[in-house]
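We will go stop by stop.

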Amino acid sequence: QVQLVESGGGLMHPGGSLRPSCAASGSMFSINSMAWYRQAPGKQRELVADITSGGSTKYTDSVRGRFTISGDNGKKTVYLQMNALKPEDTAVYYCNIEMGPIYDIRWYWGRGIQVTVSS
């Protein structure tokens, strides 16, 4: 089993910064990527950013230029530097890890952390 534990969420004013982290542990193999998703009230869960095992990153348009995803392979930890926060960034943020070969892809999720951006 794989466990993902997120931390670093909270309440921030517009324009502020947060840096959530996600630590992975357990039986991990062939990690393909780690990612952050978010789900706002009444909306579907969406991909915020992901980083592959090779270090390639991608971002959803609404956060590109403001958020940066990074990983520490040794610590099996992924971070999301969130700058210039906006009220529309308010959501529960979930960590995700994708592992395995193409014929046996496995996804695991963290429990989520609340990020609230409000004045």
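**Stop 1: Asn96**

Select Asn96. You are now in strand β9. This is a predicted model. Is Asn96 buried or exposed? Asn96 is buried, because its relative accessibility is 2% and buried means under 20%.

Now show the side chain. Asn96 reaches with its side chain to the backbone oxygen of Tyr108, at 3.4 Å. Next, show the surroundings of Asn96. Which residues touch Asn96, if you skip neighbours within four places in sequence? Among them are Leu4, Ser33, Met34, Ala35 and Tyr37. Trp107, Tyr108 and Trp109 are in contact with Asn96 too.

**Stop 2: the disulfide**

Stay on strand β9 and select Cys95. Cys22 sits in strand β3 (residues 21–26) and Cys95 in strand β9, so the bond ties together parts that are 73 residues apart in sequence.

Look along the S-S bond. The angle about the bond is -85°, and the link of Cys22 and Cys95 is left-handed. Cys22 is buried, with a relative accessible area of 0%. Cys95 is buried as well, and its relative accessible area is 0%. How many disulfides does the count give? The count comes to one.

**Stop 3: Arg38 and Asp89**

Select Arg38 and Asp89. The pair forms a salt bridge, and the closest N and O atoms are 3.0 Å apart. Where do the two partners sit? Arg38 is in strand β4 (residues 31–39), while Asp89 is in the loop between β8 (77–82) and β9 (91–99). Arg38 counts as buried, at 6% relative accessibility. Asp89 counts as buried too, at 1% relative accessibility.

Together with Arg38 and Asp89, they are linked in a network of salt bridges.

**Stop 4: Ser62**

Keep Arg38 on screen and select Ser62. A polar contact of 3.2 Å joins the side chains of Ser62 and Arg38. Ser62 is found in the loop between β6 (57–59) and β7 (67–72). Is Ser62 buried or partly exposed? Ser62 is partly exposed, with a relative accessible area of 37%.

Ser62 and Glu88 are 9.5 Å apart in space, C-alpha to C-alpha. In sequence, 26 residues separate Ser62 and Glu88.

**Stop 5: two further salt bridges**

Select Lys58 and Asp50. They form a salt bridge, with the closest N and O atoms 3.9 Å apart. Compare the cover on each partner. Lys58 is partly exposed, at a relative accessible area of 46%. Asp50 is buried, at a relative accessible area of 12%.

Move on to Arg106 and Asp104. This pair forms a salt bridge as well, and its closest N and O atoms are 3.2 Å apart. Arg106 is partly exposed, with a relative accessible area of 37%. Asp104 counts as partly exposed, at 29% relative accessibility.

How many salt bridges does a search of the whole structure find? The search finds six.

**Stop 6: the whole chain**

Clear every selection and zoom out. Colour by secondary structure. What do you see? The chain has eleven strands and zero helices. Its radius of gyration is 14 Å, close to the 14 Å that the globule rule gives for 119 residues, so the chain is as compact as a globular protein of that length.

Turn the view slowly. The C-alpha trace spans about 45 × 25 × 25 Å along its principal axes.

Show the surface once more. The chain exposes about 6,400 Å². Carbon and sulfur atoms supply 49% of that area. What share of the 119 residues is buried? Buried residues make up 39%.

Last, think about contacts. Take the contacts between residues at least 6 apart in sequence. Of these, 55% join residues at least 24 apart.

Terms used: Residues are numbered from 1 along each chain as its sequence is written. This is a predicted model: local features need pLDDT of at least 70, side-chain atom pairs count only at pLDDT 80 or more; totals for chains, interfaces and linings use all residues. Side-chain values use heavy atoms; hydrogens and water are left out. A salt bridge is a side-chain nitrogen of Lys or Arg within 4 Å of a carboxyl oxygen of Asp or Glu. Helices (H or I, at least four residues) and strands (E, at least two) are DSSP runs, numbered from the N terminus. Buried means under 20% relative accessible area, exposed over 50%, partly exposed in between (1.4 Å probe, protein chains only). A disulfide is a pair of cysteine sulfur atoms within 2.5 Å. The radius of gyration is taken over C-alpha atoms; the globule rule is 2.2 Å times the number of residues to the power 0.38. Contact means heavy atoms within 4.5 Å. Accessible areas come from the Shrake-Rupley method with a 1.4 Å probe; for residues, only the protein chains shown count as cover. A polar contact is a pair of N or O atoms within 3.5 Å; within protein, one must be able to donate a hydrogen and the other to accept it, and residues adjacent in sequence count only if both atoms are side-chain atoms.
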